[in-house]
Amino acid sequence: MPVCRLLGYCAADHVALTDLLGKEALADFTALSAMHGDGWGMAWYEGGEPVIETSVLQASDEERFSDLAWQPLGDLGMVHLRWATPGLPVRSCNSHPFRYGDYVLAHNGAIHPQDRLPQLLPPEWEARLRGSTDSERYFLHLMWRLEQRDGDMMAAIADTTADIAERFSPNSLNAILLAPDALYAISWHDPGRIPRAMLRERGLASRPDDIEAYFDLSYRAGPDAVAVASSGWPMPGWSPLPRQHVLAVDRATLSVSVTPIGVAQRATAP
């Protein structure tokens, strides 16, 4: 099962990751790629157009990752550090973030059973798949629901998470979703499905608190930028994003809202 790391941000102006987080914190976040070493991806917006760069190499070992982290790429962006699902190939078409039109998403978690994943999407949407991951299907499912909801993102998130939870067994649907006018951080995960044995094998055996907090998301809202990220590195002053909630950040004003996912009434699937 994939258990990855996420970082998203929305700022008043173009900002480099090193300025957003500080050099030490960026080094701490990048160090998580020692455990999550199946590639990395970055996305940012140039005006209303998303730009994505991915690699199948470990972020801490690749000069390109460092180069991008020191550049003020945009005011809205994200980073993904991948730990691939066993059996899924580590190749560029499976690397996060994924793009559909003007939207970009990166996911942390797994949707089981994997052999039923083609049932997650209507056939015409399954045909749009570029790779083989559950994460890309999750994203396309959300884009399908967004069309059904006439652009209501919060309702689309509620529809998507509820439908996947009913028909599948996800351990986490945590995601960073970028839209031309906003950042969304989806906190949806099941504490009973934390991959504890895998995390102990990967070096967290002596850190039980980190294992229990593995799927937690936190955010930091300031006057010039809002950031949201996965756990596993020092985050003093960050606020927890509750489970089954969505953080939304308006790109124009940096206003922040934290809303329970179930607030939007579900649409009836066709």
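## Buried and exposed

A residue is called buried here when its relative accessible area is under 20%, exposed when that value is over 50%, and partly exposed in between. Keep those cut-offs in mind as we walk through this predicted model.

The side chain of Asp-163 forms a salt bridge with Arg-145, at 3.5 Å from N to O. Asp-163 sits in helix α6 (residues 153–167) and Arg-145 in helix α5 (residues 134–148), so this pair ties together parts that are 18 residues apart in sequence.

Asp-163 also has a salt bridge with Arg-167, where the closest N and O atoms are 2.9 Å apart. These two residues are about one helical turn from each other, because they lie four residues apart in helix α6. Arg-167 has a relative accessibility of 30% and therefore counts as partly exposed. Put together, Arg-145, Asp-163 and Arg-167 are linked in a network of salt bridges.

Another one of them joins the side chains of Arg-64 and Glu-53, with 2.7 Å from N to O. This pair links distant parts of the chain: Arg-64 belongs to helix α3 (residues 63–69) and Glu-53 to strand β3 (residues 49–55), eleven residues apart.

How accessible is Arg-64, and is this residue buried or partly exposed? Its relative accessibility is 34%, so Arg-64 counts as partly exposed. Glu-53 is partly exposed as well, with a relative accessible area of 22%.

## The nonpolar cores

Now for the greasy side of things. The largest nonpolar core has 32 residues, and the members that touch the most others are Ile-111, Leu-177, Tyr-184 and Ile-186. At least two residues of this core come from each of α5, α6, β9 (174–179), β10 (182–187) and β14 (245–250). Helix α5 gives the largest share, seven residues.

Leaving aside residues up to four places away in sequence, the contacts of Leu-177 include Met-78, Val-104, Leu-105, Phe-139, Leu-142 and Met-143. Also touching Leu-177 are Met-153, Ala-182, Leu-183 and Tyr-184.

Terms used:
Residues are numbered from 1 along each chain as its sequence is written. This is a predicted model: local features need pLDDT of at least 70, side-chain atom pairs count only at pLDDT 80 or more; totals for chains, interfaces and linings use all residues. Side-chain values use heavy atoms; hydrogens and water are left out. A salt bridge is a side-chain nitrogen of Lys or Arg within 4 Å of a carboxyl oxygen of Asp or Glu. Buried means under 20% relative accessible area, exposed over 50%, partly exposed in between (1.4 Å probe, protein chains only). A nonpolar core is a set of buried Ala, Val, Leu, Ile, Met, Phe, Trp, Tyr and Cys residues joined through side-chain atoms within 4.5 Å. Contact means heavy atoms within 4.5 Å.
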